[in-house]
Amino acid sequence: MALATNTPAPASGLTTTAAPFIEEARAHREIYIHQPYELYSEDNQATWGRLLGRMQDRWARYANRRYLEGLDKLQLSRDRIPHLDEINHFLQPLTGFVARAVTGYVPSYLFLDCLRRREFPTTVTIRDGAHLEYLPEPDIFHDVAGHVPMHTDPAFAAALVRFGDCAAAAARRASAISDQHEKLRRLTSNIRAMSRFFWFSVEFGLMRAAPTGEADDRDRFKVYGSGLLSSFGEIAHAIKSPKVERRPFEIAEVVNQTFEIDHYQPLLFVVDSFDHLFDVVSELEQWMLAGKLDDVAPGEPEVKEADLASFLAAKHD
Ligand SMILES: [Fe+2]
């Protein structure tokens, strides 16, 4: 029997689109895992270095100051994908937050309840090095380089915890409604409202920057949303493009605003500070409790069955 010598090696490593370890864990319905660090391939490591390297100038130019401080504190290196344990060693003493490895999608109640406990569900796979820019789902670069530096900031961290409180309020309200149809209708609207709010703040938020006095006003806004912070193309587009509309953050607008995930965002919302963000998330909970999120505009995002089920199964405190 002849051995084939020119057959490519089987897919291995922890590439988002080809990670047998993750597929196996998902097949067993596991959500929380350890970071199987030894499985990262040389290609995976090289991809991390390229992603981190090319963002340095962009972050320096467009990211808000708290994010840049967070990057310093976490000591991310181009030389290797970070160990989540090392990240947590730096992060936990600052705000109590930890990055916790997951297999990928986490149903929304479980995700927000993790935030309430100051745990951030963190993807451990990394995108295919042939497609650095486009990625329909999170990877470790988006989660660790895009989100986690923000978790070093106490006001931002407190705002994330308040998202968890909102989810708990939504679950409690739903459990008190006996009419099944009405329960699902209101819960779907509440989840849609929270998803939109999260999207236009934590993922794609802009912050007003102190005026510099420069003629072109180029520093009027800074980026704090992780979807922008992890995108080489969109971070500049969000700040510079005349095609992007940038509006003050108003809850009534945000919770009724549809969005699509497969192209650059044409509309972004601006907060004044992370204290402001904390205040509007707290207000969101008040809106929820007052029934003001029970009839938000239909449309994107779709609320998945698994998200609804996660709220209905929530244990209340
Ligand atoms: Fe994200």
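Author: The iron ion has these protein donors: His-142 (NE2), His-147 (NE2), Glu-203 (OE) and Glu-203 (OE). They lie 2.0 to 2.7 Å from the iron ion. Donors here are N, O and S atoms within 2.8 Å of the metal (3.2 Å for Na, K and Ca); water is not among the atoms, so sites may look incomplete.

This is a predicted model: local features need pLDDT of at least 70, side-chain atom pairs count only at pLDDT 80 or more, and totals for chains, interfaces and linings use all residues. Residues are numbered from 1 along each chain as its sequence is written, and side-chain values use heavy atoms, with hydrogens and water left out.

Back to the iron ion. The angles among its four donor atoms run from 53 to 143°, and the site is irregular. The cut-offs are these: four donors count as tetrahedral if all angles lie between 85 and 135 degrees; four count as square planar and six as octahedral if opposite donors are over 155 degrees apart and all others between 65 and 115; anything else is irregular. Along the sequence, the donor residues follow the spacing H-x4-H-x55-E.

Now look at the two histidines. His-142 and His-147 are both buried. Buried means under 20% relative accessible area, exposed over 50%, and partly exposed in between (1.4 Å probe, protein chains only). Both histidines are in α6, where the buried residues also include Phe-141, Asp-143 and Val-144. Helices (H or I, at least four residues) and strands (E, at least two) are DSSP runs, numbered from the N terminus. Eight of the eight residues of α6 are buried, so α6 is largely enclosed by the rest of the structure. What do they pack against? The buried residues of α6 pack against α2, α3, α4, β2, α8 (180–203) and α9.

Take α2 next. Helix α2 covers residues 42–62, which is 21 residues. At 1.5 Å a residue it should span 30 Å, and its end C-alpha atoms are 30 Å apart, so the two agree. The expected span is 1.5 Å times one less than the number of residues in the helix. There is also a bend of about 40° in α2, at Gln-56. A bend at a residue is the angle between axes fitted to the seven residues ending there and the seven starting there. Among the buried residues of α2 are Trp-48, Leu-51, Leu-52, Met-55 and Trp-59. The cover over the buried residues of α2 includes α3 (65–74), α6 (140–147), β4 (221–223), α9 (226–229) and α10 (234–240).

Tyr-62 lies in helix α2. Its relative accessible area is 9%, so Tyr-62 is buried. Set aside its neighbours within four places in sequence, and Tyr-62 is in contact with Lys-222, Val-223, Ile-235, Ala-236, Ile-239 and Lys-240. Contact means heavy atoms within 4.5 Å. Tyr-62 and Leu-206 are 144 residues apart in sequence, yet their C-alpha atoms are 10.0 Å apart in space.

What about the cysteines? Zero disulfides turn up in a search of the whole structure. A disulfide is a pair of cysteine sulfur atoms within 2.5 Å. The closest cysteine sulfur to that of Cys-114 is in Cys-166, 16 Å away, which is too far for a bond. Cys-114 is buried, with a relative accessible area of 1%. Cys-166 is buried too, at 0%.

Last, the backbone. Most residues other than glycine have a negative phi, and most peptide bonds are trans. Gln-75 is not a glycine, but its phi is positive, about 55°. Gln-75 sits in the loop between α3 and α4 (84–95). Its relative accessibility is 54%, so Gln-75 counts as exposed. Arg-118 also has a positive phi, near 60°. Arg-118 lies in the loop between α5 (108–116) and β2 (119–123). Its relative accessible area is 28%, so Arg-118 is partly exposed. A cis peptide bond joins Glu-300 and Pro-301, with omega about 0°. Pro-301 is in the loop between α12 (274–289) and α13 (305–312).
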